[in-house]
Amino acid sequence: MAMAMAIRNAASRRTMSPISGEFGLRSMSSWWKSVEPAPKDPILGVTEAFLADPSPEKVNVGVGAYRDDNGKPVVLECVREAERRIAGTSFMEYLPMGGSAKMVEETLKLAYGDDSEFIKDKKIAAVQALSGTGACRLFADFQKRFCPGSQIYIPVPTWSNHHNIWRDAQVPQKTYHYYHPETKGLNFSGLMDDVKNAPEGSFFLLHACAHNPTGVDPTEEQWREISQLFKAKNHFPFFDMAYQGFASGDPARDAKSIRIFLEDGHHIGISQSYAKNMGLYGQRVGCLSVLCEDEKQAVAVKSQLQQLARPMYSNPPLHGAQIVSTILGDPQLKSLWLKEVKIMADRIIGMRTTLRESLEKLGSPLSWEHVTKQIGMFCYSGLTPEQVDRLTSQYHIYMTRNGRISMAGVTTGNVGYLANAIHEVSKSS
Amino acid sequence: MNSILSSVLPAPEDPILSVYYACRDDPSPVKLNLTAGTYQSEEGKPHVLEVVRRAEQQLANDLSWNKEYLPLNGLADFNKLSAKLILGDDSLAVKENRVVTFQCLSGTGSLRVGAEFLAQHHQQRVIFVPNPTWGNHPNIFNMAGLSVEHYRYYDPETRGLDFKGLLEDLGAAPSGAIVVLQACAHNPTGVDPTFEQWEKIRKIVRSKSLLPFFDNAYQGFASGDIDSDAQAVRMFVADGDECLIALSYGKNMGLYGERVGSLTIVCKSEDVAKKVESQVLLVVRAMYLTPPIHGAAIVTTILKNSDMYKDWTIELKGMVDRILSMRQELYEALQARGTPGDWSHIIKQIGMFSFTGLNEKQVRLMAKEHHIYMTYDGRISIGGLSSKTVPRLADAIHAVVTRIA
């Protein structure tokens, strides 16, 4: 024991003197010496590599955060004004476990409609959540607790973190067909087959608009058909709506899929996020809602969602919720916000057009129609991982290896360079 | 899902919140809310620190702050400064790069993230918490996938520490078991081990190969001094072995609703620390991706600036001094009324709370007849008292204690 102590002292250079027998049998090693290093997050890894690149020509079309035409992050004017009004006024007291009631109410209006009877009749169980991720995780925990045998059907592909969220909530996952690599569009028949073949009452994760990472959304007609089939199968639709306003520029239009399902009588769940459409990424503001049969059920479900929030973070953060309430609760600020969202969406739509036209002008043998057909923050370019690697190593252009381009990172300043590089790596394919 | 939803029962009411709501709904103009652990001014208003207001203004005027995603582990400066706050300026463990810190959502979030990491990667799934402890501890650990046991802590006879029971229970714990230790100002009892007792606890934890998980929610709020309140934690870390520490800025900076805290994990080596860090980041990513920026920005602004730091420690001491004087006033008021019983625990206990010793019957009577609200275990938040309200509280305790035993 004395020998072990001496070695231990040398190893740790402790200042305290050892007492013999103090450290028991595991004195030498760490509890966690067998812990494996975790694989790096693919998306964040791209930004890290970009930041480390000294090239003056480098372009970051990796992470899905909006940039203006100068490639700079944007704080919306309506947000700056809201912060000016808030600064110095808050008492920083705990929000209720379910978060800011005012913020939640305004948020439900965005998803369900300003005049939604469901809101009036108090049929929606809703809580403030930690952006979209937090809302999805709360729902996954709720699903685990109240439908313990159930699985979640997740589209292929999807935002990679969806898999992590439901896995950590210990809800088993299945996938359904979504993207069609040949058409670079929707594999509608594959999707409908999977919906039909899933056992009755299955849980499905749907992207309400601006699918991440493909930018491929069902048409309105297709949404109606999906909804009808869901009814026949009594499936539960859970919508992840992270890009409302960011797809078409019009929040009401972007919520169309949800409105169709509501019209058809589904009881749905929705995860909403203000990360992109209000630029509140780091504030972590969002909302989880579940449409219930009646007010009594909504009260019960809300109380259970709160029970799941309590052991995770007790109550949600105040500041981001205050920003949202301030903006959406003031008609002028809300109107300013809607203008600013449209500007962001329009800039992206414009860049899609410019990128496609540039590629066509360069004489690319491939079709780039999908660049303007796809919608939202991302373009699933169809580039292979090898081509992406060449873009990075030869042209210092950074994107995820699945060929996903964050259109928010494309500017009038870099679109020509980007088009040229894409053309170069793809012209012989 | 319809049938699933219809089978969802309303959750049982949170024992602390149900009292809070009862107080809120009480129409009496003289009602007194002593339930939640929030510090109020002499006027009974929520108290925002001066230095926090200054930090807020600074941030509001700084146009270079954008709202972009923080890294998964939060604000880098915040993490460095938080580690320093707990471990001290000259921590060997920090110098040896064996310490990893993650910005989390206050104490709750830090505990949950740490617990999920342990549930996934630690040999033992059992976690010991003191009896009694903060009501949310068992929920957090159960949800994370750990199984909760208790160790003896409070002795109702002495209204002090059941030290013998504590040592026995920890002595019987299986190797690798996680042990929650409240670093200072124990919630709900206000009873802390002495320095000498901490050393004995440390010895038994290490000799039995138990893993300490410190809940450090009141650093600075116990004695009024940041470093004194960190003594227990630093004593453990100084022996070179591993531990986890959850830190909250909710109380000591009055940032309750902004949810600011940190999880620090002290490892045996830099190599292990890196691996542990990478796995904790996965836990965070699947829970909420990245932590909220605002509260951490306020904390960083204050801790980084030596003038603001100094002002903060002065304000903190001011709050604690007021709490100490409220304790003294309440004790003297009970003595003056000749209230039966020994009330010295009120001035012996430390921190935000006092475990009055009132039983549930008495607590309900306090609410019903005197419109004074506290949790059913008899815990009052001293932070909610003022010189104006102490006499009323003393009257009510006297009335209730002489009415029913």
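Q: What should I know before I start reading?
A: This is a predicted model, in which local features need pLDDT of at least 70, side-chain atom pairs count only at pLDDT 80 or more, and totals for chains, interfaces and linings use all residues. Residues are numbered from 1 along each chain as its sequence is written, chains are lettered from A and ligands numbered from 1 in the order in which they are written, and side-chain values use heavy atoms, with hydrogens and water left out.

Q: Which residues of chain A and chain B does UniProt give for "domain: Aminotransferase class I/classII large"?
A: UniProt positions are given in the numbering used here, with feature names shortened, and annotations may be inferred rather than shown by experiment. The unreviewed UniProt entry puts this domain at residues 57-422 of chain A, and for chain B an unreviewed entry lists residues 31-397. Helices (H or I, at least four residues) and strands (E, at least two) are DSSP runs, numbered from the N terminus. Residues 57-422 of chain A are 47% helix and 14% strand, with end C-alpha atoms 15 Å apart. For residues 31-397 of chain B the figures are 46% helix and 15% strand, and the ends lie 14 Å apart, again between C-alpha atoms.

Q: Which residues are buried in helix H3 of chain A?
A: An α-helix has 3.6 residues a turn, so residues three or four places apart point the same way. Buried means under 20% relative accessible area, exposed over 50%, and partly exposed in between (1.4 Å probe, protein chains only). In H3 (residues 77-86) of chain A, the buried residues are A:Cys78, A:Val79, A:Arg80, A:Ala82, A:Glu83 and A:Ile86. They pack against helix H13 (318-328) and helix H14 (331-361) of chain A, where contact means heavy atoms within 4.5 Å. After H3(A) comes A:Gly88, with a positive phi near 85 degrees.

Q: How do the residues of strand S9 of chain A point?
A: In a regular strand the side chains alternate between the two faces of the sheet. Here A:Gly269, A:Ser271 and A:Ser273 point one way from S9(A), while A:Ile270 and A:Gln272 point the other way, and all are buried.

Q: Which strands pair with S9(A)?
A: Two strands pair if DSSP finds at least two bridges between them. Strand S8 (residues 236-241) of chain A is parallel to S9(A), with four bridges, and A:Asp240 has A:Ser271 as its bridge partner. Strand S10 (residues 286-291) of chain A runs antiparallel to S9(A) and is joined to it by five bridges; there A:Ser273 stands opposite A:Gly286.

Q: Why does A:Ser202 count as buried?
A: The relative accessible area decides: A:Ser202 counts as buried because its value is 8%. This serine sits in the loop between helix H8 (188-197) and S7 of chain A. Not counting residues up to four places away in sequence, A:Ser202 touches A:Tyr153, A:Asn234, A:His235 and A:Phe236.

Q: And where does B:Gly378 lie?
A: B:Gly378 is in the loop between strand S12 (372-373) and strand S13 (379-381) of chain B. It counts as buried because its relative accessibility is 0%. Leaving out residues up to four places away in sequence, B:Gly378 touches B:Ser354, B:Phe355, B:Thr356, B:Gly357, B:Leu358 and B:Val363. B:Gly378 and B:Thr189 are 189 residues apart in sequence and 9.5 Å apart in space, C-alpha to C-alpha.
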